[in-house]
Amino acid sequence: QATLGSTGIDPYPDWKAGEPVPYAALCTTFSLIEMTTKRLVISAHASLFLNQVLRLTPGDLLPTVQLMINKLAADYAGIELGIGESLIMKAIGETTGRSLAVIKADQHEIGDLGLVAAKSRSNQPTMFKPKPLTVRGVHEGLLSIAKVQGHGSQDKKISGIKKLLSAADAATAGKGSKGVDITKDKGGPSEAKFLIRFLEGKLRLGLAEKTVLVALAHAVVAYEAALNGDKAPSADRLADGEAVLKQTYSELPAYEVIIPAMLEHGIFNLANVCKLQPGVPLKPMLAKPTKSITEVLDRFEGKDFTCEYKYDGERAQIHYVAPDSIHQYPNATTTLQKDAKGLSSIFSRNSEDLSKKYPDILAKLDRWIKPGVSSFVLDCETVAWDLETKKVLPFQQLMTRKRKDVKAEDVKVKVCVFAFDLLFLNGDPTVKKSLRERRQLLHDSFNPIEGEFAFAQHGNTNDLEEIQHLLEESVKASCEGLMVKMLDTEESGYEPSKRSRNWLKVKKDYLAGLGDSLDLVVLGAYFGRGKRTSVYGAFLLAAYNTTKQTFETVCNIGTGFSEAVLEELHKELSPLAIDRPKPFYDHSSVPKDQPDVWFEPRLVWEVKAADLTLSPRYKAAADEVVGTTGGGKGISLRFPRYIKARDDKKPEEATTTRAVAEMYRKQEAIVKENAGKKGVD
Ligand code: ATP
């Protein structure tokens, strides 16, 4: 067994084998994690705890992992808590008998609703001791809160929160954590604190989802070794287990499927029992930006590659199972839509189910497949299509489609599906095959139908002028540019969820100015001047620091909005207003002239800029450039312009501060190169 002795801490000595995992035990572990910033220590605490769950109550492993990653279910299940600050404050007030005004004042002073809840609970005299919370009970309670819909749902959600909160301990400090100094300012291992933070969607532990995945692998490897009577596993064995779980999760990102399979068959058998399958959307492969065609040629020198048009629409992963194959995919029957033609669904790049947005596509799927195709997963782009001119329409047209409850017969904006990859065919994943093979299978299995289904246009060339020509043609065909992809080697396999160097994007507008656009989160707004006083006139935008799990401001933007857009944005953003910045809005990156209004972090916007500059005002990526600046400065955008809303991205999928730093370094390298050239002249 992985020794608990290695940290000297038993997170919860009272918990006995076979008993449900106490929520207090998980909170004690959270608290231990919260006290450190060292990645290895964080991972060790998480892994030891999961190992203890495996030894004592393995049946609770799934909800434990879900509470650790702050997700109640896999993304495709579409389960969102959707609970704003005001609702949480109301629930805390009603549970603890404190007035909303007092809770608001506390929140204003403390700035962390989790701590406000803990404080409110500890001030409250308890008449009787409620039954202790369990991990499973909390998971189920939260799930039912998330599922409440329709009339009176707010009140029902509040009463669900109250039920959990009234059973939560304000502080279990010291309980079971011998010799551990739980720092007061972090509030200790309070159940109330972590419950509320879960509802807010941020546990603020510095425990990234990837770290939990690694910790889970280590916990299971150690557990299995102990079962076999082996010694503690070697570092190599742990690394092997980690690699298996990472690979499995990238093809099948569903703990609901993986954890039971792992418990039954063991971690080292996962590759045989858990494979990519219809019904579980995977995170798509993404591309790296480039600045020029010569950069592409440098990267792919001596290798075969292909240039595809980069269509400007919405990423769509289409899953399909024919009626007579349904029995092979028991998981698919719960996630995919069923009709006489079989099972099918369309998922976004976020694994959100888009089937209700594109019923017109699903209704036609069976027309595209050739005889003998019984199941598939396709990677495509849906693009608005002009039936008269038989041409691709701009992205903005696609965005005018309703997102839900669309009736196929009412659809006004027609879409054409451009398929560029095939990830699964007739019972087998194809992701490990080369792109050339996948493309061949794709073309052999489907029939293009004009204006409905097409293969992405491509040219296999490594000639600079021919690539330039393809780029121009793609732009004439209303595309964004080219996707250049490795074609033959092992590196040309499909890499789920990776931004890979084996796919490069060349956008037409890269060829001058700043490479890529950025996708940034709206944190706050300033009221407008002159004509714009009744709406927000400028906005504070941030990039996401994945390590610290914080948002770091990168610019203030007031350009690119029409009056109509500003009015729309005012309507959309007003309900998201909050009293003060969230604790995970990096404080040191916020400029002195703070916004008039702060928002919940929800909206993501695509923004372009002239260039990036070192700045003492907006300090995104300050950690990354500290060596360059000697501290005190971060990176900000110059002359930012609003391009469009990215409804398909969550705030955590915004451009990362690391990517901002990388763009800045690239820009500086080019500036230097040009300066060098001028010097020679
Ligand atoms: P972008 O702002 O460029 O869309 P992104 O972060 O959404 O950025 P990228 O990896 O940068 O995604 O670009 C790839 C996107 O381009 C894909 O997500 C897909 O939606 C779209 N796309 C269009 N045509 C293709 C193609 N032929 N191959 C792959 N992706 C394509």
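I began with L195, and, leaving aside its neighbours within four places in sequence, I found it in contact with V138, L164, L165 and A168, where contact means that the C-beta atoms of two residues, placed from the backbone, lie within 7 Å. The model I am reading is predicted, so I note that local features need pLDDT of at least 70 and side-chain atom pairs count only at pLDDT 80 or more, while totals for chains, interfaces and linings use all residues. Residues are numbered from 1 along each chain as its sequence is written.

**Cores**

I then looked up the largest nonpolar core, which has 145 residues, and saw that L195, L216, F418 and A419 touch the most other members. Such a core is a set of buried Ala, Val, Leu, Ile, Met, Phe, Trp, Tyr and Cys residues joined through C-beta atoms within 7 Å; buried means 20 or more other C-beta atoms within 10 Å of a residue's own, exposed means 12 or fewer, and partly exposed lies in between, with C-beta atoms placed from the backbone. Helix α10 (residues 209-227) gives the most to this core, with 11 residues; helices (H or I, at least four residues) and strands (E, at least two) are DSSP runs numbered from the N terminus. A second, separate core of 47 residues includes A543, V590, W598 and A622.

**E224**

Staying with helix α10, I looked up E224, which has its place there, and it counts as partly exposed because it has 18 C-beta neighbours inside 10 Å. Not counting residues up to four places away in sequence, E224 touches G266 and I267. I also noted that E224 and N51 are 173 residues apart in sequence, yet 9.9 Å apart in space, C-alpha to C-alpha.

**Sheet**

Next I traced an open sheet of five strands, in the order β1-β13-β12-β2-β11 with mixed pairing, where two strands pair if DSSP finds at least two bridges between them. β1 (286-289) and β11 (458-459) stand at the edges, each with a single partner strand, so one side of each has no neighbour in the sheet. Strand β2 (residues 305-310) pairs with β11 in the antiparallel sense over two bridges, and the bridge partner of E308 in β11 is H458.

**Ligand**

Last, I looked at the ligand, which has 14 residues around it, and of these L286, A287, E308, R315 and F420 come nearest; a residue counts as near if its C-beta atom, placed from the backbone, lies within 6 Å. The elements that give two or more residues to this shell are β1 and β2.
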